[in-house]
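Hi everyone, thanks for coming.

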Amino acid sequence: MSTARQVTAGTDRSRTARAGRRHRIAVLALPGVPPFELGIPSRVFGSALDSEGHPLYEVVVCTADAAPVLSDAGFMVQPAAGPEALAEADTVIVPPTHAMPELGRGGPLPPEVTEAIAGIRPGTRLVSICSGSYVLAAAGLLDGRPATTHWNLTPEFRRAYPKVKVDEEVLFVDDGDVLTSAGVAAGVDLCLHLIRRDHGAATANRAARMCVVPPWRDGGQAQYVDRPIPDPTVAGTTATRAWALEHLDEPLSLAQLAEHARMSLRSFTRRFRDEVGMTPVQWLTAQRLELAKQLLETTDLSIDLVAHRAGFGSANSLRAHMRAGLGVSPAVYRRAFGARP
């Protein structure tokens with residue numbers, strides 16, 4: 001979603017949830033898989049429960065040939081299934097592999113991995129975590145599409161896969177049926193985004209609380225890129241951001257924000273971008289969109305009142321921002337994610 005340094009192609013309800021069964025997720029463990037990234041889908045999706053406390057997702061770890069694989073931590077991963085799990089899945093998630101350096105040069109996937117991926121049903125949702133994007137790219141699944149990966153790998157990734165539209169600024173990219181995340185913890189952000197997309201913000205927020213992680217992180221990868229440490233005597237923008245969140249319904253200007261932070265406009269803008277990874281105006285729009293989404297999901301306020309409370313001023317302005325940022329109107333979003341009677 002461009003409004004919060006994410007990129008998203010819209011929202012939808014889980015088809016399998018409507019069909020009355022749990023959404024099936026297959027996590028493909030490849031040789032050299034990092035244990036942390038491998039465990040993210042099971043932990044996050046396993047924390048997504050319906051109103052009666054029942055799991056909303058079924059997560060299974062599989063390998064391309066049903067054989068155990070050696071993780072990059074030096075222990076074996078015993079899969080619960082083989083490639084058949086990919087063929088049966090509604091969503092396939094590919095964590096990184098640190099044992100296939102040839103992918104960094106645009107080399108081919110191992111034959112068993114190519115065959116396993118070829119067995120994935122058309123329409124299956126495909127997801128990569130961190131450099132798992134190399135696997136999707138090597139399979140030709142990212143050609144011509146927007147995607148992201150760890151910021152430190154983007155120069156290599158661009159050389160190896162020039163057909164992919166790489167955005168190193170964002171935490172994740174949602175291109176509808178293909179989603180990619182940046183490094184490591186951005187995989188958590190993307191999994192929570194999928195829960196939010198499938199079942200709404202309330203369910204995603206509950207899952208985030210169970211995992212003791214924020215349901216939404218401000219900014220993108222830019223805030224994590226290695227830079228010189230700022231002068232510790234210079235005040236940050238954290239307090240001003242907290243103040244702005246309490247005044248989103250007001251027409252906040254850049255000058256007001258800079259004045260609150262007791263900085264010049266130029267210093268404030270530069271410091272804000274260094275800390276958050278986006279401009280103050282982009283950040284304000286993102287926070288207002290998040291508030292509008294919450295109000296649409298949890299209240300029966302009119303679109304005009306939602307727009308006013310979220311700081312957009314008018315329903316037309318809210319509609320324009322939601323269409324630009326989410327691809328849907330407020331009314332369509334409320335029908336999809338609003339509280340059911």
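Predicted model: local features only at pLDDT ≥ 70, side-chain atom pairs only at ≥ 80, totals over all residues.

Let's start with a pairing: strand β6, residues 125–128, lies parallel to β10, and three bridges link the two.

Now for another partner of β10. Strand β9, residues 172–174, pairs with β10 too, but here the strands run antiparallel, again with three bridges. Find V173 and you'll see T180 of β10 opposite. β9 and β10 form a hairpin with three residues between the strands, and G176 in that hairpin has a positive phi near 85 degrees.

So what about the two faces of strand β10, residues 178–181: which residues sit on each side? V178 and T180 are on one side, L179 and S181 are on the other, and all of them are buried, which leaves both faces covered. Why the every-other-one pattern? Because side chains in a regular strand alternate between the two faces of the sheet.

Okay, let's zoom out. The protein chain has 341 residues, and 50% of them are buried. You'll find 15 helices and ten strands in there. Looking at contacts with a separation of 6 or more, 66% are between residues 24 or more positions apart.

Terms used:
Residues numbered from 1 in each chain as written. Heavy atoms only, no water. Helix = DSSP H or I, 4+ residues; strand = E, 2+ residues; numbered from the N terminus. Buried < 20%, exposed > 50% of the residue type's maximum accessible area, 1.4 Å probe, protein only. Contact = heavy atoms within 4.5 Å. Pairing = 2+ DSSP bridges.
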